[in-house]
Amino acid sequence: MYYSLVWAQHDLLNMHLPNPRNWFTQGYSHSRRPGPVVKQLNHCYEFRDDDWVPVGIPLKTDTTETPESLRIATLNVLHNHNWHEWFLRSNERYAHTEKSIQRLSPDILALQEVTATMLAVLMRSTFVQQNYFLSDIVRGTDWMDCSNKIPYYAQTQNTLTGNVILSRYPMSAMYMLDTSATHPVSGIVQLGKDRELLVVGFHPKAMDFCHSDRVTETRNTMHAINSHPRMGSIRDCIVLGDFNVHSPNEDANLFEPNMLVDLWHERSDKKENGFTFDAEKNSFVSRYIPFEKRRMRLDRITKVEGSQLSVKHEVTIWADEPVQKGDWLFSSDHFGLWTEMKLE
C-alpha cells in the first residue's frame, strides 16, 4: 500500500526484552525509537449474546480436540478512503471479500490494512460471528455503524489501518509489536489442551526503495518475538501477511537470516509465479495506480524453522476474482494466499 502512517507518541506499556536465544548478531535497532517494545493486549473477542465480548482467560481447552491440520490464509484488503470512495467502491469490495472468506473458510486468517469500515463488515457477518474469534473490534455500542471510527488497536497508534487476525480457535494471549509502522499483531492460538500456535500478522514498509527498512522491520519483529518469554517459548510459529517484497533479490535478506521458510517454494508446480500484486490479471491495479505494469510476490506465508508443521495443501492464490463478472473491480489491489498445514 502506498500510504503514509503517522507514528504515535511512545505512551504504551513498554517491555524492554532480554535476548536469551541470541538469534541475531546485531542488536535491536529502530530508526524512530530505541529498544524492542511489546504491548500485551487484553483479549481476543467472540460473538455471544448478540455482541462481541472479550474471551475469558484462562481458556477452557480440556474438551477441545487438537486438529490434524489447519487452513491458513492472508489477504491485504486495501484500506478505504472517504475522499475517493466513488472510485475505490469499498463497500462493494468488502462485501465481496466477506463472501470470499466464506468460500475459502480458513481456520486462521491474517488481514492487513483493515479499517473500521472493513472490521465492521466482519463483525456484522453471520459467518464470522458463528465461526471466528477476532483479535480486534471497533469499540462502543454503535459498532453496527462505525464508518467514522477506526480499529481500537490501530487507534492507539494514530494509524488509520491495522492488522487483524481471525481464528476458529481461541487466542489465549494477544500482542502488538512496536517493530514496524503498521505494528504487527501476534496471537497465541490454543489448538486443544496441549498444543499452541503463534500466529503473526505482518506488514512492513512498502515502496521498492524501502528494502533496508523491510529488512530492519523483519529482523526487529523476529527479535522481539524470540526474546519474549511467552512468545519465544512456543515451538510452532507462522508469520504471514503483506511482506511488500518488491524483488526476488530481497528474499535472501528477509527470510533465511530470520529463520523464516517461505512456503511458496514448497510447491510442486514450479510454473506458477505466485504474483499477488499482478497488473496483468488484476484490472483494479492499473486503475488504482495509473500506468502500473508490475507483477510481484508481495505477500507470503512463512513458518519459523523448527516448527512442527508441514504443507498438506501447497500455497495457492485466492481472492482473485472480480467483484462482478466483466467488472474491473477486485476485492483489493492484492490477491491473497492460503495453504493447508499439517500439525506433526
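**Notes on the rings, the sheet and a covered helix**

1. Let's start with Phe255: its relative accessible area is 4%, so this residue is buried. Keep in mind as you read on that this is a predicted model.

2. Aromatic pairs come up 10 times in the structure. One of them joins Phe47 and Trp52, edge-to-face, with 5.5 Å from centre to centre and 65° between the planes. How exposed is Phe47? At 23% relative accessibility, Phe47 counts as partly exposed, since the buried class stops under 20%. Trp52, with a relative accessible area of 4%, is buried.

3. Back to Phe255, which makes an aromatic pair with Phe243: this one is tilted, at 5.4 Å centre to centre and 50° between the planes. Where do the two rings sit? Phe243 is in the loop between β11 and α7 (251-254), and Phe255 is in the loop between α7 and β12, so the pair ties together parts 12 residues apart in sequence. Phe243 has 1% relative accessibility and so counts as buried.

4. There's also an aromatic cluster to look at, formed by Trp86, Phe87, Phe284, Tyr288 and Trp328. Over the ring of Trp328 sits the charged end of Arg89, 5.3 Å from the ring's centre. Elsewhere on your tour, check Arg71, which lies over the face of Trp338 at 4.4 Å from the ring centre.

5. Now the sheet. Seven strands make up an open sheet with mixed pairing, in the order β1-β8-β9-β10-β11-β15-β12. Its edges are β1 (38-41) and β12 (260-262); each has a single partner strand, so one side of each lacks a neighbour in the sheet. On average, neighbouring strands are turned by 25° against each other, ignoring direction.

6. Within that sheet, β9 (residues 185-190) and β10 (residues 196-202) run antiparallel and are joined by six bridges. Val185, for example, has Gly201 in β10 as its bridge partner. Helix α6 (residues 211-227) packs on the sheet, and the strands it touches include β1, β8 (171-177) and β11 (237-242). The direction of α6 makes about 155° with that of β10.

7. How many residues of helix α3 are buried? Eight of the nine residues in α3 (116-124) are, so you'll find this helix mostly covered. The buried ones include Met118, Leu119 and Val121. Among the elements that cover them are α2 (90-104), β5 (108-114) and β7 (162-167).

8. Last, the cysteines. The structure holds zero disulfides. Cys44 counts as buried at 1% relative accessibility, and Cys237 counts as buried at 4%.

Note on methods: Residues are numbered from 1 along each chain as its sequence is written. This is a predicted model: local features need pLDDT of at least 70, side-chain atom pairs count only at pLDDT 80 or more; totals for chains, interfaces and linings use all residues. Side-chain values use heavy atoms; hydrogens and water are left out. A disulfide is a pair of cysteine sulfur atoms within 2.5 Å. Buried means under 20% relative accessible area, exposed over 50%, partly exposed in between (1.4 Å probe, protein chains only). Helices (H or I, at least four residues) and strands (E, at least two) are DSSP runs, numbered from the N terminus. Contact means heavy atoms within 4.5 Å. Two strands pair if DSSP finds at least two bridges between them. Axes are lines fitted to C-alpha atoms, for helices over the stretch in contact, and angles run from 0 to 180 degrees between N-to-C directions. Rings of Phe, Tyr and Trp (its six-membered ring) pair if their centres lie within 6.5 Å; planes under 30 degrees apart count as stacked, over 60 as edge-to-face and the rest as tilted. A charge sits over a ring if NZ of Lys or CZ of Arg is within 6 Å of the ring centre and within 35 degrees of the ring normal.
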